[in-house]
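Here is a short note for a colleague who is new to this structure. Please read the points with the model open.

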Amino acid sequence: MAELQIKIQSVLKAKTKVTSLKSIKVGLLGIGTVGSGVFNVLQRNQGEILRRAGRRIEIAMVADLDTARAQAAVGKNVTVVADARAVIANPEIDIVVELIGGYGIARQLVLEAIEAGKHVVTANKALLAVHGTEIFAAANRKGVMVAFEAAVAGGIPIIKSLREGLTANRIEWIAGIINGTTNFILSEMRDKGSDFDVVLKEAQRLGYAEADPTFDIEGVDAAHKAALMSAIAFGVPVQFDKAYVEGITKLGAKDIKYAEQLGYRIKLLGITKQMANGIELRVHPCLVPAKRLIANVEGAMNAVMVHGDAVGTTMYYGKGAGSEPTASAVIADLVDIARLHAADSAQRVPHLAFQPQSMSTTPVLDMGQVVTSYYLRLNVADEAGVLAKVTGILAESGISIDAVLQREADEVGGEGSTQTDLIILTHDCVEAKMNAALAQMQALPTVLAPIIRIRKEELV
Ligand code: HSE
């Protein structure tokens, strides 16, 4: 009993100590899905968050064009304005949380907030992928933090893991399912055997895909995130403009089926690797062995594999979007800032994990220099010598074949069909060599349709 009383007293003492610190005041720019998640989670878990942060984190002001809706979301104790600049100009506000999105006004407001000496938290991957260098340089000059855990893989603490948890490692590669919309579409295509267009329409009807899904399905959103992870992993600037980006719009149900027959699943991966001659940075559909954990990440879930020289392969899994998962990441940044904002900026974790003066100039490799293995599907005339011609071109190009699958013509083109699908898996080769071989194969009169090429990664 006496022991219990001592325990209670010490908890109360600790509580008095943390609550005596001045609360840190936050201004939200935009209160849509993520903003209201931040508000609700902060309210619900305020006791726990206070005990962790050491001070109260208070949303003191919100800017949103729809002031009535915003006021209804946060209640009457929070000041709501239509003008985001009023939040930035408020001397009481310590942290500005940018939840507007896009590269336009969001860039201007983030730069103005930094100039006004505010720390910034953002979930805006597009903004940082394109303007990160400018934004981080401005933040370094002003000695403020720009935190962006929510920008990559939503609720998964991948930025924290890369920047801090894996800091002992030479990171060798990262491969992630970092776009939920496309993973949902690919899962549905596999489950239902449907083609891309059919599944996209259904995903839009169910609200899993945006009315304008271009950034998701063309791989742009994943490339934004991959560029950020690449910068943090290798200590290079954020270089979205150098990324190779290919989406899932050309994938057919057929390829998903053939891949499965060969023991693979097709996923849209964001990949970045540190190679001897530079950094690979690419987003494209990819065959992954079906037995890998990441191949079994289904629906809108995200997962990121990171391979470090000391730790080996690690994997992080969770929700990549949504109100509270994203809020979880935003609040983690708020807590970090609450703990560190009085510290000298030299003692904080650098924005891109490496000290700004120690950034590397290692180039991002052109896609032609990338080394990977391939799945090829050729629609060919079902006649003598075709396979020999195709494999002959690969052999002359120094490309080694791993497996060949040929479907019966009847199965491919219906009864009496004179054409068939020839599926080839290759071993690793440099992409430029594969491009040249593909051009030669495509020119064969017995190759009847554009050759489908999908890259393959073993991820070991
Ligand atoms: N649209 C993204 C996705 C979420 O589908 O994963 C935000 O990046």
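Which backbone nitrogen does the side chain of Asn124 reach? Point 2 takes this up.

1. **Basis.** This is a predicted model: local features need pLDDT of at least 70, side-chain atom pairs count only at pLDDT 80 or more, and totals for chains, interfaces and linings use all residues. Residues are numbered from 1 along each chain as its sequence is written, and side-chain values use heavy atoms, with hydrogens and water left out.

2. **Asn124.** The side chain of Asn124 reaches the backbone nitrogen of Ala126 at 3.3 Å. The Asn124 side chain also reaches the backbone oxygen of Gly102, at 2.8 Å. Asn124 sits in the loop between strand 5 (119-122) and helix 7. Helices (H or I, at least four residues) and strands (E, at least two) are DSSP runs, numbered from the N terminus. Asn124 has a relative accessible area of 6%, so Asn124 is buried (under 20%; exposed is over 50%, partly exposed in between; 1.4 Å probe, protein chains only). Leaving out residues up to four places away in sequence, Asn124 touches Glu98, Gly101, Gly102, Ala106 and Ala151 (heavy atoms within 4.5 Å).

3. **Domains.** The chain is divided into domain 1 (2-155 + 326-358), domain 2 (158-319) and domain 3 (370-456). These bounds come from an automatic or database domain assignment. Taken over C-alpha atoms, the centres of domain 1 and domain 3 are separated by 53 Å.

4. **Largest pocket.** Why does the largest pocket lie between domain 1 and domain 2? Both domains give residues to its lining, so it lies between them. A pocket is an open set of points on a 1 Å grid over the protein atoms alone, where a 1.4 Å probe fits, with protein on both sides within 12 Å along at least five of seven lines; lining residues have an atom within 4 Å of a point. The largest pocket holds about 1,100 Å³ of space. Its lining has 41 residues, and the closest to the centre are Lys125, Glu210, Asp216, Asp221 and Ala321. Elements that give two or more residues to this lining include helix 2 (33-44), helix 7 (125-142) and strand 11 (301-308).

5. **Lys250 and helix 13.** Lys250 lies in the loop between strand 8 (244-245) and helix 13. Its relative accessibility is 74%, so Lys250 counts as exposed. Lys250 and Phe196 are 54 residues apart in sequence, but 7.7 Å apart in space, C-alpha to C-alpha. In helix 13 (residues 253-261), the buried residues include Ala253, Ile256 and Tyr258. Gly263 follows helix 13 and has a positive phi, near 90°.

How values were computed. Grid points are joined across faces, edges and corners, and a volume is the space filled by probe spheres set on the points. A polar contact is a pair of N or O atoms within 3.5 Å; within protein, one must be able to donate a hydrogen and the other to accept it, and residues adjacent in sequence count only if both atoms are side-chain atoms.
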